[in-house]
Amino acid sequence: MLFLLLALLAVLLPGGNNEYGYKEPMSFRLIHIFSFYNRSWTQNLLSGWLGELQTLSWDSKSGTLIFLQSWSRGNFSKKELMQLEKLYPVYLVAFIQQLHSYAHQLQVEYPFEIQVTSGCELDPEGVSVSFLQSAYQGSDFLSFQNNSWLPSPMGGSSAQFIVRKLNQYQLMKKLVHKLIGDTCLRFILGLLDAGKADLQRQVRPETWLSSGPSPGPGRLLLVCHVSGFYPKPVWVMWTRGEQEQPGSQRGDVLPNADGTWYLQVTLDVAAGEAAGLSCQVKHSSLGGQDIVLSWGHYNSLALIFLTVIVLVALLTGFAFWFWKRW
């Protein structure tokens with residue numbers, strides 16, 4: 001039976017309430033990836049995420065949950081989690097067998113992959129929204145909304161067939177609704193409370209400017225580096241005075257090894273137009289005091305640094321020559 005694990009979780013983990021103050025919407029989601037290589041070889045990966053931070057994973061070899069943060073258990077008891085670890089493999093086997101059965105009925109060719117994302121999001125006003133989506137080979141396949149399974153238009157007749165089967169199980173639908181609703185809300189509130197110190201920490205970014213590979217004759221690629229900041233949301237833009245430069249190219253926000261983040265924003269300009277440009281950085285850790293780095297100031301510092309290096313090299317050479325002569 002599809003999503004038997006969800007039923008197990010809903011039974012084990014009853015609803016509850018907690019209180020936590022926060023300014024941004026927060027979500028918790030479970031990501032489950034099933035890779036079906038053939039009828040006898042299946043690989044599954046499970047991970048849990050609070051926003052952009054991974055909090056747990058499943059070790060299939062040892063059959064245990066791996067808690068990646070000291071507070072990843074939220075307010076769930078050790079007994080509840082031990083029950084989950086013992087029963088999860090049993091329901092996982094049943095889940096995989098059912099998927100093999102569907103694959104046989106629909107004449108699906110191996111290998112194929114199923115991705116399932118489920119969880120909930122909580123906004124600062126305390127309003128929660130639950131979600132569950134499933135994808136086949138990376139394309140939307142079906143979802144769970146308003147206590148019913150719905151096929152995705154991209155899923156075609158296969159999605160419609162499976163949805164008809166799933167909607168026959170009324171008890172299962174109630175349990176899934178409870179899991180991604182009340183139970184998920186309890187879990188995310190527990191995480192937000194237990195991980196408050198880490199989640200509310202503020203780390204100021206380090207910023208610097210550099211020039212990248214020349215885009216072409218007479219042109220400069222200005223690069224603004226912003227690193228070591230936490231939390232993840234950040235605003236970085238090349239500006240001239242108060243005017244944002246529309247040609248700014250924002251890269252991906254990448255993780256550092258210590259859990260902070262790194263970002264670079266570039267701007268392709270004519271060499272004669274670089275003067276007067278600045279990189280402006282806004283982040284919650286700055287207390288409203290934006291960081292502004294001037295490209296002209298950067299060039300001046302670079303020139304001073306280069307001059308010092310040349311003088312040191314000349315003095316070193318002169319001292320060596322004088323020592324040899326002496």
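Colleague: How much space lies in the second largest pocket?

Modeller: A pocket is an open set of points, on a 1 Å grid over the protein atoms alone, where a 1.4 Å probe fits, with protein on both sides within 12 Å along at least five of seven lines. Volume is the space filled by probe spheres set on the points, which are joined across faces, edges and corners. Here that space is about 300 Å³. This is a predicted model: local features need pLDDT of at least 70, side-chain atom pairs pLDDT 80 or more, while totals for chains, interfaces and linings use all residues. Residues are numbered from 1 along each chain as its sequence is written, and side-chain values use heavy atoms, without hydrogens and water.

Colleague: Which residues lie nearest the centre of the second largest pocket?

Modeller: Lining residues have an atom within 4 Å of a point. There are 20, with Leu106, Ile114, Tyr136, Phe141 and Ile162 nearest the centre. Helix H2 (78-106) gives the most, five residues. Helices are DSSP runs of H or I, at least four residues, and strands runs of E, at least two, numbered from the N terminus.
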